[in-house]
Amino acid sequence: MTFSFWHRATALLALCVLMLSAAVAAPDAPAAAASSAFYLKPADAAWVAALPVEANAATQAWMDRIPAEVKARSDAYFEGGYWLDLWNWVWGLGLAALLLWTRPSTALRAWAERKLKRTFSWTPAMERCMPWRAGC
């Protein structure tokens, strides 16, 4: 069963609208996240004098000054980045599959060849840029 261009375009548009509506309907961030500014008390001379000489221990002493809820919020933000990378990869893979399976790239190339009256072929310049394809 083959689908026309308009069937595929309508399905793609419906998918985009569905994904956009899901993103818009997502719950808002908690109100606590709105006030992201926090301040550390300035280090007094006694605290600085009590700092250990060893770098790791001094770093840990500095990190101990950060409030626990601020550190937890920071950790949640940075650990969430892995999910963003995963979804970016999934979207890229989905877009590549869409381009390959629905063949719009072929139609775009054919349209460009008709408009430019020039075929896109493998050129010696491309062989210099991609030597691994030279034998193809």
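Predicted model: local features only at pLDDT ≥ 70, side-chain atom pairs only at ≥ 80, totals over all residues.
Modeller: Local features here need pLDDT of at least 70 and side-chain atom pairs 80 or more, while totals for chains, interfaces and linings use all residues. Residues are numbered from 1 along each chain as its sequence is written, and side-chain values use heavy atoms, leaving out hydrogens and water.

Biologist: Happy to start! How many helices does the protein chain have?

Modeller: Helices are DSSP runs of H or I with at least four residues, strands are E runs of at least two, and both are numbered from the N terminus. The protein chain has zero strands, and its helices come to eight.

Biologist: Which residue forms a salt bridge with Lys 71?

Modeller: Side chains of opposite charge can pair when their charged atoms come close. A salt bridge puts a side-chain nitrogen of Lys or Arg within 4 Å of a carboxyl oxygen of Asp or Glu, and the structure holds one. Both partners lie in helix α5 (residues 68-79), four residues apart, about one turn of the helix. The closest N and O atoms are 3.0 Å apart, and the partner of Lys 71 is Asp 75.

Biologist: Is Lys 71 buried, partly exposed or exposed?

Modeller: Buried means under 20% relative accessible area and exposed over 50%, with partly exposed in between (1.4 Å probe, protein chains only). Lys 71 has 37% relative accessibility, so it counts as partly exposed.
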